[in-house]
Amino acid sequence: MRSTLAAALAPAGLALLVALLATLALGAGRAEAAGGSWRAYLAPAAACPGAAEPSAPPPAQRRAIACLLDWARARAGQDRLAASRSLARAAALKGRRLAACGEVSHAPCGTDPTAAVRASGYRFARFGENLFAGPAGAVSARDVVAAWLRSPSHRANVLGGEFREAGAALVRARGLLGRGEATVWVVAFGTPS
């Protein structure tokens with residue numbers, strides 16, 4: 001298991017924004033994304049409806065995240081990720097646990113990193129997840145995916161050819177970043193066994 005915590009760059013106009021990222025991959029090779037800058041994998045703002053709108057409704061933001069992930073994967077020559085209800089349920093369970101524990105971790109409150117995916121009923125051969133936390137209402141889906149693409153380990157999960165399915169969840173958490181309400185994104189990637 002590999003886990004990384006990194007700081008993300010703030011979107012324009014949010015000089016004090018500190019976003020926390022975490023990535024986890026189990027049973028997956030960690031080949032670095034082939035060539036080029038992370039920017040080559042970020043969809044233009046107009047490519048995915050609602051992607052640049054921090055105030056878009058949660059369903060629109062989830063669709064934008066899926067669109068942005070698939071756009072990046074297409075640029076890397078990878079197949080689209082099939083939507084998985086079980087992985088979306090796992091992402092929501094992990095997000096709620098992060099909010100309840102007040103920490104951004106693959107093992108919030110000391111839980112097993114795979115507890116949420118196992119509780120969702122998803123049987124996996126390969127599993128990975130990306131986490132993001134930022135101020136509520138200040139970060140768009142495109143900002144989240146850009147942060148993941150900037151980080152080599154997060155980008156490896158996004159572009160990983162070993163993953164076939166994904167599910168995303170957006171959760172609100174009070175006090176997670178030390179003040180106010182935070183937005184927590186969890187994307188669970190998987191290949192069924």
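Entry 1: I started with Cys101, which counts as buried because its relative accessibility is 19% and the cut-off for buried is under 20%. I kept in mind that this is a predicted model. Cys101 is joined by a disulfide to Cys109, with 1.8 Å from S to S. I then checked Cys109 and found it partly exposed, at 47% relative accessibility. The torsion about the S-S bond of Cys101 and Cys109 came out at about -130°, so I noted this disulfide as left-handed.

How many disulfides does the count come to? I got two. Besides the pair above, Cys48 and Cys67 form a disulfide, with their sulfur atoms 2.0 Å apart. That pair links distant parts of the chain, as Cys48 sits in the loop between β2 (19-26) and α1, while Cys67 is in helix α1, 19 residues apart. Its S-S torsion is about -75°, so the disulfide of Cys48 and Cys67 is left-handed. Is Cys48 buried or exposed? I found Cys48 buried, at 1% relative accessibility, whereas Cys67 is partly exposed at 25%. With the bonded cysteines numbered in sequence order, I wrote the pairing down as 1-2, 3-4.

**Entry 2: a buried lysine.** Next I looked at Lys94, which lies in helix α2 (residues 85-101). Lys94 has a relative accessible area of 2%, so I logged it as buried. Which residues does Lys94 touch, not counting those up to four places away in sequence? My list is Ser105, His106, Pro108, Pro113, Ala116, Glu129, Leu131 and Val186.

**Entry 3: two helices.** I went back to α1 (residues 58-75), which packs with α4 (residues 141-150) at an angle of about 35°, the axes 9 Å apart. I noted their crossing as right-handed. From α1, the residues in contact are Gln61, Ala64, Ile65, Leu68, Leu69 and Ala72, and they meet Ala141, Arg142, Val144, Val145, Trp148 and Leu149 of α4. Sorted by class, this contact has 10 nonpolar residues, one polar and one charged. α4 is mostly covered, with seven of its 10 residues buried; Ala146 and Ala147 are among them.

**Entry 4: the whole chain.** I finished by stepping back: the secondary structure comes to five helices and six strands, in the pattern β-β-α-β-α-α-β-α-α-β-β along the sequence. Of the 193 residues, 51% count as buried. The protein exposes about 8600 Å², and carbon and sulfur atoms supply 53% of that.

Notes:
Residues are numbered from 1 along each chain as its sequence is written. This is a predicted model: local features need pLDDT of at least 70, side-chain atom pairs count only at pLDDT 80 or more; totals for chains, interfaces and linings use all residues. Side-chain values use heavy atoms; hydrogens and water are left out. Axes are lines fitted to C-alpha atoms, for helices over the stretch in contact, and angles run from 0 to 180 degrees between N-to-C directions. Helices (H or I, at least four residues) and strands (E, at least two) are DSSP runs, numbered from the N terminus. A crossing is left-handed if the near helix is turned anticlockwise from the far one by less than a right angle, and right-handed if clockwise. Contact means heavy atoms within 4.5 Å. Ala, Val, Leu, Ile, Met, Phe, Trp, Tyr, Cys and Pro count as nonpolar, Asp, Glu, Lys and Arg as charged, and the others, Gly among them, as polar. Buried means under 20% relative accessible area, exposed over 50%, partly exposed in between (1.4 Å probe, protein chains only). Accessible areas come from the Shrake-Rupley method with a 1.4 Å probe; for residues, only the protein chains shown count as cover. A disulfide is a pair of cysteine sulfur atoms within 2.5 Å.
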